[in-house]
Structure formats: structure tokens, C-alpha cells
Amino acid sequence: MSAPRKITIFDTTLRDGEQSPGASMNISEKLEIAQALVDLGVDVIEAGFPIASPGDFEAVQLIAREIRGTVICGLARCNNQDIDRAWEALRDAERSRIHVFLATSAIHREFKLKMDKDEIVRRAVAGVERACGYCDNVEFSPEDAARTEPDFLCRVVEAAIDAGATTVNIPDTVGYATPAHMGRVIRTLRERVPNIERATISIHCHNDLGLAVANSLAAVEAGAGQIECTINGIGERAGNCSLEEVVMALRTRNDVYGCETGIVTPRLVPTSKLVSNVTGLLVQRNKAIVGRNAFAHEAGIHQDGMLKERSTYEIMRPEDVGLAKTDLVLGKHSGRAALADRATALGYHLTAEQLQTVFDQFKLLADKKKEIYDGDVAALIEQQFHEVPESWSLVSYSVQCGTGGQPSVRLRLRFADEEFERQLTRGDGPIDAIFLAIEEVTGVSVVCKDFRVQAVTVGKDAQGEVNVEVQHGGQTYRGRGVSTDSVEASAKAFLNAINGVIQTTGPRLHPQHGLAVAKV
Ligand code: KIV
Ligand code: ZN
């Protein structure tokens with residue numbers, strides 16, 4: 001028997017994944033996810049697109065400086081400025097990769113780039129050569145490869161490898177391919193590009209037709225050695241190939257693919273939860289591998305079969321993907337060590353000081369609710385470390401409401417060491433009234449685009465988590481709040497989003513401050 005082929009897992013959660021609407025992450029969140037990806041065993045982390053913004057640059061640089069044990073990659077277009085900036089961000093990494101890309105399909109050549117084929121080849125070669133001047137690990141992507149004429153794709157790939165590319169990535173940028181199509185593209189490259197053995201063929205599929213995982217698997221079957229994917233399949237539009245799905249498909253159907261990855265599969269669920277918590281992008285219940293229902297057997301006939309022999313209805317074991325049998329973990333008497341243990345199991349790396357802060361909050365929560373679940377622990381950690389600076393904070397609120405009448409709210413907020421109170425009778429229900437009062441006190445008006453409440457865990461005393469998305473000045477801000485009182489959670493989430501606005505625009509006092517709003 002031949003040894004299984006090792007497939008390189010290239011994670012682009014922090015680059016392509018971050019391009020999901022509403023998924024932007026701050027620098028400490030990116031660092032935290034990068035560390036979780038190392039624990040998960042990914043081979044390459046695409047940390048960002050350094051030229052895109054100063055924030056992207058700083059995040060890639062920080063990850064390159066702090067993260068060890070994997071290759072850190074930065075994206076660049078095929079031009080000197082992009083490539084030089086990518087290298088500046090990556091230069092301190094233990095191992096680095098520059099990923100250069102240039103579109104090759106007729107539609108992109110004609111309408112986006114306005115370049116002919118010769119010019120595309122010339123630029124691709126120049127880009128790869130410049131990147132190779134900095135580091136010996138260079139990836140080239142012919143963007144929209146799946147819609148590129150096969151002859152031209154072969155020509156560009158051959159030229160990129162000759163110029164020094166060590167990985168050639170084949171993106172289905174618009175999610176247009178089917179499995180048979182993708183398999184054919186990879187086979188064509190293997191048959192017709194004379195120097196193809198000098199590089200690893202990679203696959204990068206988008207999910208517009210729901211085929212990203214199937215297309216990636218077809219590419220592997222045809223000989224691709226690297227898969228580009230994201231946690232929970234997040235990414236532009238319908239997302240990218242989902243890491244957890246493709247990895248578990250390779251593992252479960254090893255008989256078909258004969259491949260292995262270095263992924264520590266019991267880290268899949270914790271990493272999925274971490275990314276969902278950080279980005280606010282919920283995982284659908286029936287999502288394969290990491291969805292809440294992925295291993296839930298409801299039908300009586302299935303339950304009966306499962307009791308007799310698990311393999312009747314189960315092709316993977318929940319523990320293989322890190323789904324704990326029960327996540328009831330801590331209570332009032334649990335100590336700091338038990339909390340630290342749960343935090344680590346959930347994928348968080350806390351300093352002693354951070355652990356102490358979370359522990360103090362944990363004790364307060366344990367007074368309010370008897371059983372503390374993993375979801376509660378994650379929510380406490382997220383609240384402590386992923387908040388934008390708390391310019392305004394909630395001191396107290398009271399609200400009176402009922403059917404037929406307008407709600408009345410009294411709200412007190414703190415800004416620096418001053419407190420402001422506002423009372424109003426307006427709005428459509430208690431939460432709307434509190435949001436209006438917050439806008440009046442802070443002087444920041446926003447348009448609320450999304451408002452979601454969900455229970456963090458099970459039980460009547462479960463904490464409510466509220467996620468809001470607001471718009472201000474053409475920009476979107478997200479806010480999150482958690483409390484055993486869901487109205488308070490809503491107020492915290494809304495304030496969290498307002499604090500995000502203030503971080504960008506600076507504090508603004510309402511024109512009527514001092515009249516409508518009483519300073520206390
Ligand atoms: O989808 C795409 O084409 C990309 C490239 C930059 C690889 O994300
Ligand atoms: Zn992409």
C-alpha cells in the first residue's frame with residue numbers, strides 16, 4: 001500500500017473570509033484566530049492583503065511577528081508596490097509566503113484589466129520574479145482561472161513556474177465551476193504544462209453554486225496538492241470552501257481520496273465557534289460537521305439504530321470533530337484552574353491577567369445562574385477582550401411598557417467619569433425606546449440594519465446574546481451584548497456599536513446636551 005498523499009491546508013479565513021459582509025475583525029481578534037489556526041494544524045495562514053489598508057498591514061505584520069509553527073502568507077497584486085508592502089509585513093515571520101495574483105480570463109482581461117494575453121504573461125512573470133527576490137515560497141494565482149481558456153491558463157501557469165512560483169493556485173473566483181469541470185482543469189494542467197511537477201497545484205473555490213467543497217475534492221482527486229479554504233466557509237458572497245467539511249470528507253472517505261491532512265480534527269468545533277463568536281456570523285444549525293444539528297438524531301428509527309450500533313447512522317464520531325458530549329462544565333464553586341482549562345479547550349489563549357478578569361466576571365455570573373456552559377465562558381471572554389474601547393457604558397436602565405401604550409424609559413450612561421441620564425416616552429417597544437435614548441444621550445444617530453437575539457446556552461436562565469448591525473456615515477458597525485436580561489443585552493450591543501462609531505469619528509455631544517440630557 002502506498003503512503004497517503006499529504007494535502008496542504010491553506011486557510012484564508014483572515015483574508016478571503018474577512019471579505020464576508022459584516023465579518024471584519026480587529027487586530028487582536030485576528031491574532032487570536034491565527035493562534036487557533038496553528039492549534040488546528042493548518043499548514044499556511046493567509047493573514048491578509050497588506051496593501052489594502054494600514055489595518056491589514058498591521059495585522060499581517062503582527063501575525064508574522066507573533067505566530068510560530070506555520071507559514072504566514074500575504075496577498076499582493078502583480079505590481080511592485082503591492083509586493084514590496086507584502087514583504088514588509090511578512091519579513092519577520094518564521095516562514096513566509098508571498099501570494100501574487102492577476103486575472104487571466106477573457107472577461108477580466110478585456111473589461112477589468114484592459115490587457116492582452118502577452119501583457120498578462122509579462123506582468124505575471126514580473127510579479128512572481130519580484131516576490132522571489134524576497135522569499136523562496138511564492139504562490140501565483142491566475143484569478144478567475146476556472147473561466148480562463150485552457151490553452152492560455154496552461155501558458156500563464158508554465159510561465160509563472162518558470163519565473164519561480166512554488167505553488168500555482170487555481171481559483172474559481174466566481175463559483176462557476178462544477179466538479180467535473182474542476183477535475184478537467186487540474187488534469188489539463190498536469191498533462192500539458194511541462195514544468196508542472198516543479199510546483200504544487202492548489203485549488204481555491206467559491207461557493208456561489210454550493211459546490212466549493214465538491215469542486216475542491218474533485219481537484220484533489222485530479223492531483224491538486226493544496227486546498228484553500230476558510231473556517232465555516234465564510235468569504236465573499238456565498239463564501240469559500242469550508243475547511244471543516246473538506247477535511248472531514250478527505251478523512252472519512254480516505255478510501256476514495258487516499259489523502260491525509262495535518263488537521264487536528266477535534267479542534268474543528270472549537271475553532272468554528274471561535275470564528276463565529278468573533279465575526280458574529282452564525283453557523284447554520286444544519287451545517288455539516290460544525291452545525292448544532294450535525295450529530296443530532298431525531299427520527300425514532302435513527303435513534304433505535306444508533307442505540308444498537310452507532311455506525312448504522314453515523315459516519316463520523318462527534319468526538320472526532322471536537323463536539324463535547326455535554327458542555328455543562330462549571331458552577332459557583334469551580335476554581336480558576338477549571339475556568340482556565342475550559343478557556344483553553346475553547347481555543348482561547350489568556351494571559352494570567354486576562355484570566356483573572358474573566359474569573360471575576362465568571363463569579364458574578366455564577367451568582368445569577370447555576371450552571372455555566374461553554375457558551376457562557378466563550379461569551380464572557382469575548383465580552384472582555386473583543387470590545388471596542390468602551391467610551392460610553394451602561395450604568396442602569398428602567399423601562400415601563402405594555403400593550404397599547406408607548407414605552408417609557410429612564411437610561412443612565414457613563415462617559416469618562418461623568419454620568420448622563422435621559423428619560424423619554426417614545427418608540428415602538430422597550431428596545432426601540434432604549435435605542436432612541438442611547439442615540440439622544442450619545443449624540444450618535446445610526447440606522448439599525450440587523451438585530452438578532454439568541455440564547456447563549458440552554459435553560460430558562462440562559463444568557464441572551466444580542467448582535468446588532470448599524471450604519472453610520474456609509475459604514476457598517478457591529479455590536480454585541482450578553483446578559484441574563486435580554487433588554488440589557490440589547491442596550492449593551494447597541495452601545496457597543498455606537499462605541500465603534502465613536503472610535504472612527506470621535507465623540508460627539510448632542511446639540512441639546514444639558515437640556516434633553518441631564519448630567520448627573
Ligand atoms: O477568489 C479569488 O480569485 C481569490 C484570489 C485572490 C486567489 O481570492
Ligand atoms: Zn477568493
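Here are some questions and answers on the ligand site and the sheets.

This is a predicted model, where local features need pLDDT of at least 70, side-chain atom pairs count only at pLDDT 80 or more, and totals for chains, interfaces and linings use all residues. Residues are numbered from 1 along each chain as its sequence is written, chains are lettered from A and ligands numbered from 1 in the order in which they are written, and side-chain values use heavy atoms, with hydrogens and water left out.

Q: Which strands give two or more residues to the shell around ligand 1?
A: Start with who is near, meaning a heavy atom within 4 Å: among them are Arg15, His99, Phe101, Ser141, Glu143, Asn169 and Pro171. Strands here are DSSP runs (E, at least two residues), and helices are too (H or I, at least four), all numbered from the N terminus. The elements that give two or more residues are strand 5 (95–103), strand 6 (138–143) and strand 7 (167–172).

Q: How many residues of the shell around ligand 1 are polar?
A: For the classes, Ala, Val, Leu, Ile, Met, Phe, Trp, Tyr, Cys and Pro count as nonpolar, Asp, Glu, Lys and Arg as charged, and the others, Gly among them, as polar. The shell has 2 nonpolar and 3 charged residues, and the polar ones number 6.

Q: How far is a polar side-chain atom of Thr173 from an oxygen atom of ligand 1?
A: A polar contact is a pair of N or O atoms within 3.5 Å; within protein, one must be able to donate a hydrogen and the other to accept it, and residues adjacent in sequence count only if both atoms are side-chain atoms. Asp16 has such an atom 3.1 Å from a ligand oxygen, and for His204 the distance is 3.1 Å. For Thr173 it's 2.7 Å.

Q: Is the pairing in the barrel of 8 strands parallel or antiparallel?
A: Two strands pair if DSSP finds at least two bridges between them. The closed barrel runs 2-3-4-5-6-7-8-9, and within it strand 6 and strand 7 share 2 bridges, with Phe140 opposite Val168. The barrel's pairing is parallel.

Q: Which strands are the edge strands of the open sheet?
A: This sheet has 3 antiparallel strands in the order 16-17-18. Strand 16 and strand 17 (464–472) are joined by 8 bridges, and Val453 stands opposite Val466. Pairing on one side only, the edges are strand 16 (447–455) and strand 18 (475–483).

Q: Which residue takes a positive phi in the hairpin of strand 14 and strand 15?
A: Strand 14 (408–415) and strand 15 (418–425) pair antiparallel over 8 bridges, and Arg410 stands opposite Gln423. Between the strands sit 2 residues, and the one with a positive phi near 50° is Ala416.
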